[in-house]
Amino acid sequence: MKKHAILVLLTFFLLLTPAALAEDRTRREFPLNIGDSVYFENGYYKVTLVRTDDVMGFAWFNFSCENCFHEPKELKGYQDESQYYPSKDEQIISIREIRAVTANRAIVNLTFPSNWDWQIVTAEDAKVPKFVITKTVDKTRVKVDEIIQVKITIKNVGNGSASDIDIDEIPSTALIPMGEELEPKIKDPLPAGESDSDTYLVQAVKSGTFNIPKTTVKYESESGEKYTAESDTVSITVLAPEVKLSNLTTTIQFDKSNVLIDEEITATIIIKNVGDAPANDIDLINRLPAGLELVGGALEDKYHEIKPGDSRELNAVIRAAEVGNYTLTPRTVYSDGETSTTSPVISVTEEDVDYTKYMYLIPILLILIIILILVIKRHREYSF
Amino acid sequence: MLNILLLGVGQCGNRILDAVNHLSLGGGRFSKYYSQQQYASNVQTIAINTALNDLKEMKHTRAKDRVHIPYLHGVGANRNIGKQCFTENRDMLLRTIEERGNFDVAFVITSASGGTGSSFTPSLIKELKERYSFPIYAIIVLPFREEGTLYMQNAAFCLQEMRETSVNGIILVDNQFLKQTGKDIKTAYDGINRMVAERFLFLMRALDSEMMMVTDLGDFNTLMASGARLATFGFAKGERDQSIKDVIKHSMSPRGLLFSMLPYKEAVRAMIIIQGDKKYLDINEITDEVETLSSEVGHVFKGVLIRNKEQPQVLTVLSLSTSEELDKFYRAAIDAINKEKEQKEKTASQKEEASDLLKGMEPEY
């Protein structure tokens with residue numbers, strides 16, 4: 001019994017080997033346009049021209065079989081290089097030669113079992129659905145907590161109805177879907193030429209720029225072939241929540257910057273809130289450098305609050321005590337931060353009077369003195 | 001160059017002297033502070049007064065040229081007190097004059113009516129004439145006739161005493177006659193003083209200048225020695241397009257003279273000094289007018305000073321033989337003396353009557 005079994009298996013094996021099959025194979029040329037298929041055994045096996053490269057002379061073919069255990073396979077044909085389906089070791093259908101490759105057409109030479117019937121099914125004849133998926137949002141720039149409506153539109157641009165439509169929508173971590181489970185629903189089956197859409201809402205939960213992932217849709221043709229289509233991703237910018245802060249600026253100006261020793265300078269310090277929130281607990285710190293003396297007014301002060309747009313002005317009279325160049329660096333510390341500035345340079349010099357320019361006055365003074373002496377002399381001469 | 005002594009005695013003499021000095025300095029308000037005296041000659045001026053305030057009022061005379069006679073505050077228009085005061089201070093005064101050097105001529109300016117001037121001047125001239133040989137002329141200012149009996153009698157006696165001295169001549173200036181200026185009393189006095197000063201300066205300049213037609217001190221001496229040794233000044237300044245003949249006539253008109261007189265009738269000699277730009281000085285006109293005058297009064301001295309770009313000016317010095325106006329003045333003075341005498345007698349009589357009535361009576365208390 002065992003011997004018979006081994007014999008039967010061996011016979012079966014031999015029957016299935018290429019060598020055994022080679023004897024019953026037919027070689028034939030098929031002129032195909034892109035999308036055209038050769039159906040063997042009433043479409044149990046299909047060879048479809050997918051695309052061409054007329055420059056290089058390549059042509060790609062999709063090999064598949066229905067309800068068999070061989071996976072569909074795309075093979076590239078080129079001149080007389082042979083390609084095999086499902087494999088070289090198990091050659092059911094083989095590409096022997098490719099020629100007359102154009103932008104949308106090629107002639108393929110196939111070998112297949114001789115007992116197989118065949119027919120060419122043109123693209124127009126094949127009932128193939130084809131989905132174009134569009135993913136849109138009502139706004140791409142939102143604030144945190146704002147809600148965005150996501151719309152998925154599926155259009156069947158093929159010539160066959162699609163069924164068993166499975167929409168795979170993956171949520172973003174920053175854009176949380178609202179409501180129930182994220183499962184968009186569209187019309188199923190979706191006839192050729194028709195479209196349907198569904199929407200769902202997501203809420204922005206944190207700031208930044210995020211992508212709503214692409215939508216993947218799986219569907220089948222009437223003939224049971226499975227297809228997958230994807231949408232593009234959608235970029236959403238979520239703005240950071242608006243935070244109101246105070247912003248103080250400090251400026252210091254002098255009425256003059258070049259002074260002589262003992263001359264007085266008036267300093268004007270202005271603190272202004274250019275922010276959009278009140279500044280509190282303001283402390284103006286402004287140390288006077290050695291060489292300058294405070295004569296009047298104040299250079300430092302504290303304020304409880306400065307409202308947005310408001311300012312405080314402080315005036316001080318400073319006396320230049322020593323020669324040198326001086327700057328003041330008032331620092332303003334407040335509830336939302338601190339600011340500092342550097343004043344213009346005060347240049348203190350010693351008075352250097354150029355007396356030579358008054359030399360011309362000497363003869364005038366001498367003349368005046370002489371005249372005065374003469375007048376006094378005359379006055380005495382005539383006084384009795 | 002002449003050496004001239006110019007004395008101003010009493011308030012009136014001081015003021016005229018001050019006006020002469022002022023004009024010699026240029027006449028400006030402050031000219032004394034910057035100007036030099038522009039005398040052509042060597043002129044020494046001395047102001048003499050017993051009233052300190054009168055000396056202090058002088059503005060243009062040097063302090064060293066002011067001599068105060070320390071005697072109360074003036075002699076109070078009393079010539080007797082004045083004469084006594086002069087006697088007491090005579091040596092000091094003569095020493096002061098002597099210190100000024102030698103002179104060719106002297107002029108004494110004074111009022112005949114006041115106290116110091118009228119009493120000092122005759123005595124002073126007498127003393128000077130005894131010591132010096134140079135001619136001395138007095139410029140005597142006669143008072144307004146209404147100024148009072150004392151002034152009138154002072155003027156009469158002063159003038160009389162002056163004529164009794166050996167003074168070389170008296171030039172009369174009559175305030176009464178100069179009232180015609182018709183202004184307030186101060187302005188009138190200032191105007192008179194200035195008029196006298198202007199004429200006197202003109203004369204000094206003429207006596208010591210190189211002239212086209214010459215007059216000199218000798219001519220002046222001859223002029224003043226004639227007649228009654230009385231004289232007066234006439235003066236006129238030519239207007240635009242006025243002929244020199246007219247100007248000469250104007251100088252001898254009542255408006256030009258310092259003392260009222262009738263030139264063609266009362267003058268015995270004359271001196272005409274003409275000054276101005278050559279273009280105004282037509283020699284024929286001058287000669288005609290001089291000839292006309294000389295045919296009436298006798299000799300006429302004439303002098304012409306050429307001064308470029310100046311309008312013509314004429315100074316006339318007229319010596320008098322007789323004077324109707326002076327006669328009137330003397331009569332008015334005699335009336336004043338009589339009136340004064342009557343008042344005194346009346347007062348004395350009243351005093352005697354009162355004394356008779358009270359005789360033998362005792363006061364009852």
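**Reading the model**

Analyst: In chain A, 64% of the contacts between residues at least 6 apart in sequence join residues at least 24 apart; two residues are in contact if their C-beta atoms, placed from the backbone, lie within 7 Å. This is a predicted model, in which local features need pLDDT of at least 70 and side-chain atom pairs count only at pLDDT 80 or more, while totals for chains, interfaces and linings use all residues. Residues are numbered from 1 along each chain as its sequence is written, and chains are lettered from A and ligands numbered from 1 in the order in which they are written.

User: What does the secondary structure of chain A come to?

Analyst: Helices (H or I, at least four residues) and strands (E, at least two) are DSSP runs, numbered from the N terminus. Chain A has three helices and 30 strands.

User: Which order do the strands of the open sheet in chain A have?

Analyst: Two strands pair if DSSP finds at least two bridges between them. The four strands of this open sheet follow the order 1-8-7-6, with antiparallel pairing. Strand 1 (25-33) and strand 6 (83-86) of chain A each have a single partner strand, so one side of each lacks a neighbour in the sheet. Strand 6 of chain A is joined to strand 7 (residues 91-99) of chain A by four bridges, and A:Pro86 stands opposite A:Gln91 in strand 7.

User: How is the packing of helix 5 of chain B with helix 6 of chain B described?

Analyst: Two packed helices are described by the angle between their axes and the distance between the axes. Axes are lines fitted to C-alpha atoms, for helices over the stretch in contact, and angles run from 0 to 180 degrees between N-to-C directions. Helix 5 and helix 6 (residues 149-164) of chain B pack at about 5°, with axes 9 Å apart. They are therefore roughly parallel (angles under 35 degrees). Helix 5 of chain B contributes B:Ser118, B:Thr121, B:Pro122 and B:Ile125 to the contact, and helix 6 of chain B contributes residues including B:Cys158 and B:Met162.

User: Which residues of helix 5 of chain B are buried?

Analyst: A residue is buried if 20 or more other C-beta atoms lie within 10 Å of its own, with C-beta atoms placed from the backbone. Among those buried in helix 5 of chain B are B:Phe120, B:Leu124 and B:Leu128. Buried residues make up 23% of the 384 residues in chain A.

Key: A residue is buried if 20 or more other C-beta atoms lie within 10 Å of its own, exposed if 12 or fewer, and partly exposed in between; C-beta atoms are placed from the backbone. Angles under 35 degrees count as roughly parallel, over 145 as roughly antiparallel, 65 to 115 as roughly perpendicular and the rest as oblique.
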